[in-house]
Amino acid sequence: MLVGLVIGLLIAYYLYRELYGKRKNLPPGPRPWPVVGNLLQLDQLYPEKTLFDWGKKYGPVFTMWLPLPMLVVNDYDLMKETFLRQGDTFAGRPDLFITRALLKGNYGLFFTNGKMWRENRRFSLHALRDFGIGRNTLQPQIMDQALQMIDLLHNSAGEPITLLEPFTFGVANVINVLAFGYTWKVGDPEMLRFMNLFEEFSVLFQHPSIMLLESYPWLRHFEPPLPIGFKRLNEVNDAIYKFILDDIEKHKKTFNENEPPRDYTDAYLLEMRKRQKEGEGDLFTEWQMITAIGDLWGAGFATTVATLRFAIIYLLNNPLVQQKLQEEMDRVIGNENELTMDDQKRLPYLCATIQEIQRVANIIPISVQHTVTEDVVIGGFLVPKDTQVIAQTPSLHIDEKLFDEPEKFMPERFIDEDGHFVKNDHVLPFSLGKRACMGESLARMELFLFLGTLIQRCDFRPEDGVTPPPIVIQPGFMHSPVPYKCIVLPRK
Ligand code: HEM
């Protein structure tokens, strides 16, 4: 009897704490379920739609539990007031179990914090700029990859193909040339091994059980029998870092600190030596370099490939858009000349199409978590330091108040009466504020040069010539289309 009463009281206390106690000082939001929070209430394919609906119900800032509490800023003006105007306060990253486990602490570029993050981000942006990002000197290397991509596509000789291999090849080589100064040849077994590791990492990392580990890290001790994937995730992660370390070791043998750096690895080695002399060696260590290069790969590879694959599936489903793009390309560039970044002004329809693809594809459906670095008021609520908060930019992309018929793919919405491209402030695929994507300029170069060259030199048709593949999303943290096939014909 007494034991029953005690158990009853414990359960009542647990439910009170889960359902009310933890929430009482935070902005309102959907009621979390015990253990899993709001995880199971999210639309499994389009979680951004659930967040958008919750925003309508609970206001410009609300709390959701995944299963840790996270504040969602769902309104453009509030995003500007917080993430932009108070950039430093909103530039923290959470201290997560999973990153501590995989990165052996908060290292790299993505999940690091404070001085380590600021100095490494600043250094990396400078280094990448020196290698041509945002200055167009990287252009010949991207174009070289674009033309090899076209060869691969033309070699398909009208047979149905998935676009995964050529797109992976081109995008991976651009990152590799920046990080390590060399490119892979088609079919290189080392490249295939690296790409397979990345693919496996992405599948394991996106499994919902990994999210549960965040609140219940002890669950990892029950694998097996629990199918969490944590052990394999660690193995794959170690194999990726080993790969990067091997390249760094090769660099060390040929590195000459009196010569200009050949790539990001050289630049980092140089910076490490400089900082060691200045007594700041702990900010630029070998492990920090490995994890930073891992983050350039992790953040820059799958995102760009997924966007390109979305681009083509949208064109297959909207043949008139493909036709208009080809007409613009033929009129402005012709079919022999190579595209350059300076052509952006002369290709408004291509620019509008890229912006529209990034809006509809919404490839990061739930924005990446930040934390607040001090107590702060958000939308009238006092929020304590270290609370997780996201600027839910994907909600803007599907808001009918900002975009007429947002579910429709219409590049024309970004062309003004005079036929000029209009950059829209509400399309924010790279997020905003101090933590916004570090590779935005590179990604924009790749999307413009790759997609433009694809349009110029290829005609994309449905597999049977008539029925376009349905646009179906693979569930996960990152949207990408499920593999589809199409026919690629050379354009004369
Ligand atoms: C279409 C392609 C891409 C998209 C849509 C994209 C989007 C994003 C987003 C949404 C974030 C999180 C921003 C935040 O936390 O507020 C991010 C961060 C980041 N991205 Fe990208 N990204 C792309 C390509 C790239 C490329 C090509 C690179 C570099 C090679 C890159 C490197 C990074 C890094 C290092 C961060 C972490 C920045 C930090 O925490 O300071 N991204 N990206």
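**Around the ligand and along the helices**

Of the 25 residues around the ligand, those that come nearest are Arg93, Arg121, His370, Ser431 and Cys437, where a residue is near a molecule if one of its heavy atoms lies within 4 Å of it. This is a predicted model, in which local features need pLDDT of at least 70 and side-chain atom pairs count only at pLDDT 80 or more, whereas totals for chains, interfaces and linings use all residues. Residues are numbered from 1 along each chain as its sequence is written, and side-chain values use heavy atoms, with hydrogens and water left out.

The iron atom of the ligand has Cys437 as its only protein donor, through SG at 2.3 Å; donors are N, O and S atoms within 2.8 Å of the metal (3.2 Å for Na, K and Ca), and water is not among the atoms, so sites may look incomplete. Cys437 itself sits in the loop between helix 15 (393–397) and helix 16, where helices (H or I, at least four residues) and strands (E, at least two) are DSSP runs numbered from the N terminus.

An N or O atom in the side chain of Ser431 is 2.7 Å from an oxygen atom of the ligand, a polar side-chain atom of His370 lies 2.8 Å from a ligand oxygen, and a backbone N or O atom of Leu109 lies 3.4 Å from one. The elements that give two or more residues to the shell around the ligand are helix 5 (114–130), helix 12 (286–317) and helix 16 (440–457), and helix 12 provides the largest share, 6 residues. By type, the shell divides into 14 nonpolar, 8 polar and 3 charged residues; Ala, Val, Leu, Ile, Met, Phe, Trp, Tyr, Cys and Pro count as nonpolar, Asp, Glu, Lys and Arg as charged, and the others, Gly among them, as polar.

Thr291 lies in helix 12 and counts as buried because its relative accessibility is 0%, and a polar atom of its side chain lies 3.0 Å from the backbone oxygen of Gln288.

In helix 13 (residues 319–332), Val321, Gln322, Leu325, Gln326, Glu328, Met329 and Val332 are buried. They cover an arc of only 160 degrees around the axis, which puts them on the same side of helix 13, the arc being that of the directions from the helix axis to the C-beta atoms. The face turned away from this buried side carries the exposed residues Pro319, Leu320 and Arg331.

Most residues other than glycine have a negative phi, and most peptide bonds are trans. A cis peptide bond, however, joins Leu66 and Pro67, with omega about -20 degrees, and Ala157 has a positive phi, near 50 degrees.

Definitions and conventions:
Polar contact = N/O pair within 3.5 Å; in protein donor to acceptor, adjacent residues only side chain to side chain. Buried < 20%, exposed > 50% of the residue type's maximum accessible area, 1.4 Å probe, protein only.
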